[in-house]
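Student: I have a model open and want to walk through it with you. Can we start with the strands and then move to the annotated site?

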Amino acid sequence: MIDRVGHVVRLAAVVAALERLYPPELAESWDAVGLVCGDPDAQVRRVLFAVDPVAAVVDEALQWRADLVVTHHPLFLRPVHGVPATTPKGRLVHRLIAGGVALHTAHTNADRAAPGVNDALAAALGLHDTRPLVPADDGDPARGLGRVGRLPRPEPLSAFVRRVAAALPVTTAGVRATGDPDAVVARVAVCGGAGDSLLGTVRAAGVDAYVTADLRHHPSSEAGEAGGPALVDVAHWASEWPWLPDAAALLTAELSGAGATVETRVSTTPTDPWTLHRIARDSGADEGAHAER
């Protein structure tokens, strides 16, 4: 039973619905998920979804008069001893509380959930017959880290990179890839967020390409020396953004099934931290091998 105030649902009920969709027990032991600030008895009419709990998102939440912000990334991933307004994160907490806005985080629990962050990324790229790259140990075969799936039709790596770029929000760094542009891509692994810790698992999965973010030089170089797969590196924020519309729709359905309604909004405010990009080149030279514009 949803606890409502008139026609408006309480924060506690919205949090309960979010935790049914993204169970906290799926989160990594080091993670910080759940309600960050907010009164469980407060009324919730409007919910804003965003990837990052940063000042621009708080600005948007206050301007839109949101009652709750749901973010993928935690505001506090490490323990703190206070939240004074003299610090950047402390100022955000003070602004949220003063504006009557709650904050909830669904991080690695949303990564492992089904449907979750990785299902949304796989769907954005058009993958079919998906399964977890690293299955969860809770007995549910649909849950786990990453996803592996197939493209509708095999295509060259160059075309696949264009597919990825078209599917995700535009960022300053864009999309980069390793491998032969003419190599055929049919089977693909994805992992929203930083995913080079899974390179060994990806190689063992026998995929043709792996889409993730924050790939580092040495692991990427070693993966290429080991025979692949092709690596497609995207912006961290962009890889997780496709989850937001899904999460908003799922929360709406979860609440409406119990007779409650909220208005949701997906933030399109870019919170990728990179703001400039230039390819070094000699005057008159091409902008890098295989670069496409």
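Student: How many bridges pair E12 and strand E13 (residues 230-234), and in which sense, parallel or antiparallel?
Tutor: Five bridges, in the parallel sense. Strands here are DSSP runs (E) of at least two residues, helices (H or I) are runs of at least four, and both are numbered from the N terminus. Two strands pair if DSSP finds at least two bridges between them. Before we go on, this is a predicted model: local features need pLDDT of at least 70, side-chain atom pairs count only at pLDDT 80 or more, and totals for chains, interfaces and linings use all residues. Residues are numbered from 1 along each chain as its sequence is written, and side-chain values use heavy atoms, with hydrogens and water left out.

Student: Which residue is the bridge partner of Ala213 in E13?
Tutor: Val234. From E12 the chain crosses through helix H8 (residues 217-225) to E13, and this β-α-β crossover is right-handed. Right-handed means that, with the strands pointing away from the viewer, the path from the first strand over the helix to the second runs clockwise.

Student: And how many bridges join E11 to strand E12 (residues 209-213)?
Tutor: Four, and the two strands run parallel. Val188 has Ala209 as its bridge partner in E12, and Ala194 stands opposite Ala213. E11, helix H7 (residues 199-205) and E12 also form a right-handed β-α-β unit.

Student: Is E12 mostly covered or mostly open, and which way do its residues point?
Tutor: Mostly covered: five of its five residues are buried. Buried is under 20% relative accessible area, exposed is over 50%, and partly exposed is in between (1.4 Å probe, protein chains only). Ala209, Val211 and Ala213 point one way, while Tyr210 and Thr212 point the other.

Student: What about E11, how many of its residues are buried?
Tutor: Nine of 11, over residues 184-194. E11 also runs antiparallel to E9, joined by six bridges.

Student: New topic. Where does UniProt put the "binding site"?
Tutor: The unreviewed UniProt entry places it at His72, His73, Asp111, His236 and Glu240. These positions span 169 residues in sequence, yet no two of their C-alpha atoms are more than 13.1 Å apart, so they gather at one spot. UniProt positions are in the numbering used here, feature names are shortened, and annotations may be inferred rather than shown by experiment.

Student: Where is His73, and is it buried or exposed?
Tutor: His73 is in the loop between strand E6 (68-71) and helix H3 (88-98). His73 is buried, at 14% relative accessible area. Beyond four places in sequence, its contacts (heavy atoms within 4.5 Å) include Asp52, His107, His236 and Glu240.

Student: And Asp111, what does its side chain join?
Tutor: The side chain of His72, through a polar contact of 3.3 Å. A polar contact is a pair of N or O atoms within 3.5 Å; within protein, one must be able to donate a hydrogen and the other to accept it, and residues adjacent in sequence count only if both atoms are side-chain atoms. Asp111 lies in helix H4 (residues 108-112) and is buried, at 8%.

Student: Last one: where is Arg143, and what is its side chain's polar contact?
Tutor: Arg143 lies in the loop between strand E8 (128-135) and strand E9 (144-156). Its side chain makes a polar contact of 2.7 Å with the side chain of Asp138.
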